[in-house]
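Please look at the sequence and the model below before reading on.

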Amino acid sequence: MNFPFPKDFLFGCASSACQIEGAAFEDGKTANAFDYYSRNEQVDRFSGDLPDVCADFYHRYRDDIRLMKEMGLKAFRFSIAWARICPDGPDSLNQKGIDYYNDMIDALVENDIVPMFDLFHCDLPMWVLDKGGIANPEFIDWFVSYAKICFENFGDRVKLWSTVNEPSINVFGSYANKSNAPFIADLPLALKACHHMLLAHYACVKLYRSMNLPGKIGAVNHFVPYYTNSLDPKDEEATVRACDFYCGWWLEPMMKGVYPETVLCCPHISENMPENYADELASAFVPMDFIGVNYYGPGFVKYSDDGKLYYDRYAEPGLPTDAYGFRSYPQGLFDSMMFLKRRYPEAELYITENGIAAKREGDKIAPSSLNDAYRITYMRDHLREVSKSITAGANLKGYFNWTLLDTYEGYAGGFDFDFGLLAVNYETLERTPRDSYYYYKKIIESGRVE
Ligand code: NOJ
């Protein structure tokens, strides 16, 4: 079988600043959430690993970009560390941070690799968190003035921007169920933080358009296609609500300027919403140019009389699960693309993350980890679904594998999981291509997957 891709399809890899850069306190950068909470033993599932060095991309990006080029990579999705650009508050500016990103972006462009940049990927500066974080309405102004610095300095060469990565986890989860800093469980506060993030997102989109820069702006959402094994209408309705809550809570405002009715009709949510939310959303709304989708697996749902969102998730037996806990279901990627094509027919789509992890033992590279046949199978099966989605009419422009280099997984995962096409030896910081690196290179060269 042969699954082709369009000639201009962007085959990429994705990563983020706080997961590979290191240089946590160098050249003027101050602490962000990862730097601070990785030292805080109170954090749930505390790993003890620190992000101070990671893969040391901060010092090695020119060599890593050469490895990207050798792979034939067309695009690289990365994020900017806000605390490197504005280390001491909204009015501070660190020229060394600007210089670093400028040089890295130049190196990408010189190698014909399209840069896609996120403004916020997990790593709020501690000064933001100390002032109340996203729950403080002033966050909107701080975020927009940081975005302005980024657009002014990098916007001539970065032509794909995302305001936020996975806000369902990094905003809602951070305030509603302690999934990330500042580790709070307070639903009204979480709904307020979501609202501020959306208003900040709209303001960035407006600002970007007003600057007449030659690119596009969107956001990256964790998309989970939800299924039920039951034909009971209550279960089917619960399945729709699960998707509208987890994914639609962001996509509906970002694309249509409203929160989903299927979720607002739950008193648990409507009674805890910030004042004037509907008017504020409607008057600030501006649609974005593209939808970034992080796809790691499906969700399964049945009705529950819980008095909250009226659904329960359950684990479907029989799906292969990786060391990290992600359940592999390639068809779910196709279903997600079809769902988005139906609901937002005009939008450009990018798969901004998709990947699989193995458990790592120790700092060195286990030789056996280089023969990652399981990752090759995973990539093949998911890329087939990507090709099928395009054939079926999805307006899908690119696919970004997660991830280029072995990565710091945050407070909880630390360095326990290998996600990289390039293995990193954390003692010597040497990189070694895994079999999957050569496999991806072959796909990119041939423009098809078999
Ligand atoms: C999605 C997140 O964006 C990324 O930061 C993380 O490393 C991967 N999921 C894998 O957990």
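## Helix 18

In this predicted model, the buried residues of helix 18 are Ser436, Tyr437, Tyr439, Tyr440, Ile443 and Ile444. Viewed down the helix axis, these buried residues lie within an arc of 165 degrees, so they line one face of helix 18. On the face turned away from that buried side, helix 18 carries Lys442 and Glu445, which are exposed.

Helix 18 covers residues 435-446, 12 residues in total. From first C-alpha to last, helix 18 reaches 17 Å, which is close to the 16 Å expected at 1.5 Å a residue. After helix 18 comes Gly447, whose phi is positive, near 70 degrees.

## Residues around the ligand

Which residues surround the ligand? They are Gln19, His121, Asn165, Glu166, Asn294, Tyr296, Tyr324, Phe326, Glu353, Trp402, Glu409 and Phe419. Sorted by class, this shell contains five nonpolar, four polar and three charged residues.

## Polar contacts and burial of the ligand

In Glu409, a side-chain N or O atom is 2.5 Å from a ligand oxygen atom. For His121, the corresponding distance between a side-chain N or O atom and an oxygen atom of the ligand is 2.8 Å. Trp402 places a polar side-chain atom 3.4 Å from an oxygen atom of the ligand.

Taken alone, the ligand exposes 300 Å², and the protein buries 92% of that area.

Notes: Residues are numbered from 1 along each chain as its sequence is written. This is a predicted model: local features need pLDDT of at least 70, side-chain atom pairs count only at pLDDT 80 or more; totals for chains, interfaces and linings use all residues. Side-chain values use heavy atoms; hydrogens and water are left out. Helices (H or I, at least four residues) and strands (E, at least two) are DSSP runs, numbered from the N terminus. The expected span of a helix is 1.5 Å times one less than its number of residues. Buried means under 20% relative accessible area, exposed over 50%, partly exposed in between (1.4 Å probe, protein chains only). The arc is that of the directions from the helix axis to the C-beta atoms. A residue is near a molecule or strand if one of its heavy atoms lies within 4 Å of it. A polar contact is a pair of N or O atoms within 3.5 Å; within protein, one must be able to donate a hydrogen and the other to accept it, and residues adjacent in sequence count only if both atoms are side-chain atoms. Accessible areas come from the Shrake-Rupley method with a 1.4 Å probe; for residues, only the protein chains shown count as cover. Ala, Val, Leu, Ile, Met, Phe, Trp, Tyr, Cys and Pro count as nonpolar, Asp, Glu, Lys and Arg as charged, and the others, Gly among them, as polar.
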